[in-house]
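Biologist: Before we talk terms, could you put the model up for us?

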Amino acid sequence: MNFAHDIDKKVFRTISEITTTNQQKAYIIGGFVRDLVLGRPSKDVDIVVEGSGIKLADQVAKSLNPNIKVSYFKSYGTAMFKYKNIEYEFVGARKESYNRDSRNPIVESGTIQDDQLRRDFTINALAINLNKDAFGEITDPFDGFLDIEKGLIRTPQDPQVTFSDDPLRMLRAIRFATQLNFRIDDDAYAAISKNVERLKIITQERINVELNKILLAPKPSIGFKILYDTGILAYIFPELSDLQGVEIKNEMAHKDNFFHSLRVLDNLAEMSDDLWLRWSALLHDVGKARTKRFLDGHGWTFHGHEFVGARMVPGIFKRLKLPLNQKMKYVQKLVGLHMRPIILVEDVVTDTAVRRFLFDAGDEVEDLMTLCEADITSKNHEKVQKYLNNYKIVRQKLKTVEEKDRIRNFQPPITGEMIIMAYELSPSKVIGDIKKAIKNAILDGEMSNDFDEAWDFMLEFAQNQGLKLKKTKKEVIEALSQVKPEDDR
Ligand code: CTP
């Protein structure tokens, strides 16, 4: 097997020249080779050399362009530079053994074979020779090429050793199985199930990198099913594994909310690549374990699960060290509102319900609709068609109502300042009451989102509250337009 043609690039030719002159063995190794065989694009290249990776990086960079900036990671013995938007990382071939209580390796230099053996999976241990006499030839001591053909994730040595060296590799195995739709070899699978608790030495941030990669894969359920089955999910994410299970009472069963959530996630993955929308799909029913009830004469209910779920989101994000910023608020909002479009499609779709939904959903309205369409997991084809059709009607209504009333990011047509001026009030509750009454009248479709209509509505409402108008509409407008420039100064 020869890849000379695929790696016919200035960088690789330069490495080849230099290492052949130095009489050093050098190879491309790892993800780049795997992706080349798989025909997938790759943005980083790992170069392994028998000798110093740092020295080689310096020599290669200097020869390519003296202005290239090389970054050094001295404690790992690696160096890296970027060339034509691709990152090249250089490392000396090594034997490695790990300290049981941390991921930090004890490094010793070694041969290319030592280096291949210490790698995580056979498909990541493939190396392409860069030396002139064998340029482009593949070195594959563990049948990684065959494993790619078979679609198999297998460790080069006893998986117990590979995973014990670095337990993060258990998650990497699951992540690669998900991204590539590969199967994890039986021994490796068993070793993962046995070593779940070793994940305690892995930082949450590294775990999240893998979780997010699983979520962003074409079919994320593959990974979550393995996480569940190996026991990892219960260890790192019990709120999700708690959703698994079907209970039967009086011959009535509820659906398995864990597998349902995964189906929704897969559906959504076909519609959107947005990581946080995918998190929302994963978590949309997370409140169901805590709200499950059996009501005699009715059956199973999960009443209020969306609100309970939304309240659980900050705690989950905090524990998983996910960002506690707008992303978290976004997921929380989607989880909390995910039943609203469902109610809309089940009922006759009234303008009022649509307006209220637009008001509460704001900018997230599109994403909520997408989540709800993904939430249709019925096996009954007619039902699915009916719901999809109803969602089409809802989307159309959302569009018409929004064009007419601009409810999304609603700005009240009459401000508190206007009310204060018109009635010469000092700040008091009645101002809020008037604003709320105007907002509700617009959302309920009693009037349009229009200044003049809102003014008239205010006059009537305030009169009923016993308030006396002190300034006319014209006076208020004029007073405000005079105040503005001063405010702006
Ligand atoms: N590697 C390893 N054990 C790890 C991480 C990485 O043995 N815990 C080795 C593998 O040979 C891997 C290479 O280092 O191919 C590069 O790692 P990395 O860049 O993290 O992964 P890639 O395989 O390149 O894949 P991806 O870019 O999709 O993460």
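Modeller: Let's begin with Ile28: leaving out residues up to four places away in sequence, Ile28 touches Ile7, Phe12, Val33, Val45, Asp46, Ile47, Leu126, Ala127, Ile128 and Leu130. This is a predicted model, where local features need pLDDT of at least 70, side-chain atom pairs count only at pLDDT 80 or more, and totals for chains, interfaces and linings use all residues. Residues are numbered from 1 along each chain as its sequence is written, and side-chain values use heavy atoms, with hydrogens and water left out.

Biologist: What makes a residue a contact of Ile28?

Modeller: Contact means heavy atoms within 4.5 Å, and Val33 and Leu126 are among the residues that Ile28 touches.

Biologist: Why is the set of 137 residues called a nonpolar core?

Modeller: The term stands for buried Ala, Val, Leu, Ile, Met, Phe, Trp, Tyr and Cys residues joined through side-chain atoms within 4.5 Å, where buried means under 20% relative accessible area, exposed over 50% and partly exposed in between, with a 1.4 Å probe and protein chains only. In the largest such core, the members touching the most others are Phe12, Ile15, Ile28, Phe81, Phe224, Phe237 and Trp279. Helix α7 (residues 168–180) gives the most to this core, with 8 residues; helices (H or I, at least four residues) and strands (E, at least two) are DSSP runs, numbered from the N terminus. Apart from this core lies another, of 7 residues, including Tyr27 and Ile112.

Biologist: How do you know that Asn85 is exposed?

Modeller: Asn85 has 62% relative accessibility, so Asn85 counts as exposed. Asn85 sits in the loop between β4 (78–83) and β5 (86–92), and its phi is near 70 degrees, a positive value in a residue other than glycine. Most residues other than glycine have a negative phi.
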